[in-house]
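Please keep both in view while reading the points below.

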Amino acid sequence: MTESTPRPTVRLRSALDAVAAYKPGKPAEAREGVTAYKISSNENPYPPLPSVLRVVTDAAASMNRYPDMGVSALTQALAERLEVPASHLATGTGSVGLLSYLISITCEPGDEVVYAWRSFEAYPIVVAVAGATSVQVPLDADARHDLDAMAEAITDRTRLVLVCTPNNPTGPIVTETELRAFLAKVPEDVLVVIDEAYLEFNTDDEAPDALGLYREFPNVAVLRTFSKAYGLAGLRVGYAVAREEVATALRKVATPFGVSDLAQHAAVASLEAYDELAVRVKALVEERERVRTALLDQGWPVPQTQANFVWLPLGEDSMDFAATCQDAGLTVRPFPGDGVRCTIGETEASDRLIEVAGKFRSR
C-alpha cells in the first residue's frame with residue numbers, strides 16, 4: 001500500500017449511526033468571588049457516611065484481588081431486606097448497567113422498546129446499541145407518563161416497556177391505580193420494567209408498590225440503584241428484582257466482576273445505615289418542596305416532583321436559562337427544546353437557583 005492509497009476504514013456496526021452520546025452533567029465552573037455549584041447530575045450532595053467510608057477504606061486494602069463475581073453479600077442482604085428469593089435478584093454497574101442487560105436479554109435487532117419521552121436519556125442509547133427500535137410516547141401536559149397511549153403503542157414487535165417513576169427528568173410518578181390498569185393491558189410475554197432510581201425521595205401515598213406488582217405480575221421487573229439516595233454514584237452499583245427466569249438471564253449477560261468489591265461493601269454498609277441516610281433524604285425532600293414552592297410563587301409551571309430535582313419546562317429558552325445559570329456559577333442540566341432539570345443540592349445552591357430563576361422570569 002503506497003502513501004497515496006486510502007487506508008481502509010474499520011467496519012463498525014451500522015446500529016451505532018443511531019446512537020447519540022450520553023451527555024453527563026457538566027462540572028461546576030469556578031467564578032471569581034463566587035462559589036460554584038453543580039446541580040446537573042442528580043447527585044446526593046452529602047459526603048459518604050463515616051461508617052460507610054470506613055468500610056470502603058478497609059476494603060481498598062484488597063483491591064489487588066478480583067471482586068466476588070456473584071456479589072453474594074449484597075445479594076443476600078437485599079434478599080433479606082426486600083423479602084425476595086436471592087435467585088430473583090441481579091446486580092450491575094448502576095441501574096444503567098442493568099438497563100443494558102435487560103435490553104440484551106429481551107430484544108433482537110428490530111424488536112421494539114416502548115417508553116415515555118422525555119424520560120431517562122440513556123433509554124434511546126441502550127436501545128439503539130442493541131439494534132432494537134425505540135417507540136417514544138410523549139408525556140402528557142403535566143409532564144407525566146401517558147400510560148393509555150403507551151399501551152396503544154405496544155405491537156407484536158414489542159419486547160420491553162420501561163416505566164420511569166418518578167420520571168427523570170420531569171419528576172412526577174405514575175400511581176398504583178394507573179400502573180395496575182396499564183399492566184392489565186400488556187401482553188404477558190412483554191417485560192415491563194419499573195425504573196425506581198428515585199424511589200427513596202417519593203412521599204406520594206399513591207405511588208405504586210413495585211415489589212407488590214412484581215410478586216403479582218410475572219412479567220414485571222423492578223430496577224433500583226444505590227447512586228441517588230444512598231450517595232454511591234461514584235461506585236456504580238444497582239440491582240434488579242424479577243422472576244427467576246429473568247434474573248438468571250440478567251446474571252448470564254452481566255459483565256464479569258462488574259460490581260467492584262468496594263461497591264459491594266459500600267452498598268451493604270449503606271443498607272445497614274439506612275436510618276442515618278433517611279435523615280438526609282428527608283432533608284433533601286424538604287428542600288425540594290421549598291424550592292418548588294418558591295419557583296411556583298415566581299410563576300414557573302413546575303410539575304409535581306417526587307425525585308431529588310425540579311423541572312422547568314422552558315422549551316426553546318432552555319439553553320439560554322442554562323447559560324444564565326452558568327454565568328452565576330450554577331450548573332444545571334438543559335434538554336434543548338424541552339426544559340431544564342435542577343438537582344436539589346446544597347441550600348446555597350437552591351437559594352441561587354431561586355434568585356436566578358426569579359430574575360430570568362421577570363426580565
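Lys228 is buried, because its relative accessible area is 16%, which is under the 20% limit for that class. The model is predicted, and the points below are grouped by topic.

- The unreviewed UniProt entry gives Lys228 the annotation "modified residue: N6-(pyridoxal phosphate)lysine".
- Lys228 is found in the loop between strand S7 (220–225) and strand S8 (238–241).
- When residues up to four places away in sequence are not counted, Lys228 touches Ser41, Asn42, Asn44, Ala197, Tyr198 and Phe201.
- The unreviewed UniProt entry also places the feature "domain: Aminotransferase class I/classII large" at residues 39–354.

**Ile39**

- Ile39 belongs to the loop between strand S1 (37–38) and helix H1 (50–59).
- Ile39 is classed as buried because its relative accessibility is 2%.
- Ile39 and Phe309 are separated by 270 residues in sequence, yet their C-alpha atoms are 8.6 Å apart in space.
- Residues up to four places away in sequence aside, the contacts of Ile39 include Leu330, Thr331, Val332, Arg341 and Leu353.

**Arg352, a buried charged residue**

- Arg352 is part of helix H12 (residues 347–362).
- Arg352 is buried but has no salt bridge. The nearest side chain of opposite charge belongs to Glu355, 5.9 Å away.

**Nonpolar cores**

- The largest nonpolar core contains 53 residues. Within this core, Leu74, Met150, Val161, Phe182, Phe226 and Val241 have the most contacts.
- Helix H9 (residues 261–272) supplies the largest share of this core, namely six residues.
- A second, separate core has 33 residues, among them Val281, Trp300, Val302 and Phe321.
- Phe182 is in contact with Leu147, Met150, Ala151, Ile154, Val161, Val163 and Val192, leaving aside neighbours within four places in sequence.

**Salt bridges**

- How many salt bridges are counted in the model? The count comes to 16.
- Lys38 is paired with Glu43 in a salt bridge whose closest N and O atoms are 3.3 Å apart. Lys38 is partly exposed at 30% relative accessibility, and Glu43 is partly exposed at 34%.
- Glu216 and Arg180 form a salt bridge through their side chains, with an N to O distance of 2.8 Å. Glu216 lies in helix H7 (residues 210–216) and Arg180 in helix H6, so this pair ties together parts that are 36 residues apart in sequence.
- Asp351 makes a salt bridge with Arg290, and the closest N and O atoms are 2.8 Å apart. This pair links distant parts of the chain, with Asp351 in helix H12 and Arg290 in helix H10 (residues 274–297), 61 residues apart.
- Asp351 is partly exposed at 36% relative accessibility, and Arg290 is partly exposed at 35%.
- Asp111, Arg157 and Arg159 are joined in a network of salt bridges.

**Backbone features**

- Trp117 and Arg118 are joined by a cis peptide bond, with omega about 20 degrees. Arg118 is in the loop between strand S3 (112–117) and helix H4 (122–129).
- A cis peptide bond also runs from Thr165 to Pro166, with omega near -5 degrees. Pro166 is in the loop between strand S5 (158–164) and helix H6 (176–183).
- Val71 is not a glycine, but its phi is positive, near 45 degrees. Val71 lies in the loop between H1 and helix H2 (72–82).
- Glu83 likewise is not a glycine and has a positive phi of about 60 degrees. Glu83 lies in the loop between H2 and strand S2 (89–92).
- Are Val71 and Glu83 buried or exposed? Val71 is buried at 4% relative accessibility, whereas Glu83 is exposed at 67%.

Key
Residues are numbered from 1 along each chain as its sequence is written. This is a predicted model: local features need pLDDT of at least 70, side-chain atom pairs count only at pLDDT 80 or more; totals for chains, interfaces and linings use all residues. Side-chain values use heavy atoms; hydrogens and water are left out. Helices (H or I, at least four residues) and strands (E, at least two) are DSSP runs, numbered from the N terminus. Buried means under 20% relative accessible area, exposed over 50%, partly exposed in between (1.4 Å probe, protein chains only). Lys and Arg count as positive and Asp and Glu as negative; His and the chain ends are not counted. A salt bridge is a side-chain nitrogen of Lys or Arg within 4 Å of a carboxyl oxygen of Asp or Glu. A nonpolar core is a set of buried Ala, Val, Leu, Ile, Met, Phe, Trp, Tyr and Cys residues joined through side-chain atoms within 4.5 Å. Contact means heavy atoms within 4.5 Å. UniProt positions are given in the numbering used here, feature names are shortened, and annotations may be inferred rather than shown by experiment.
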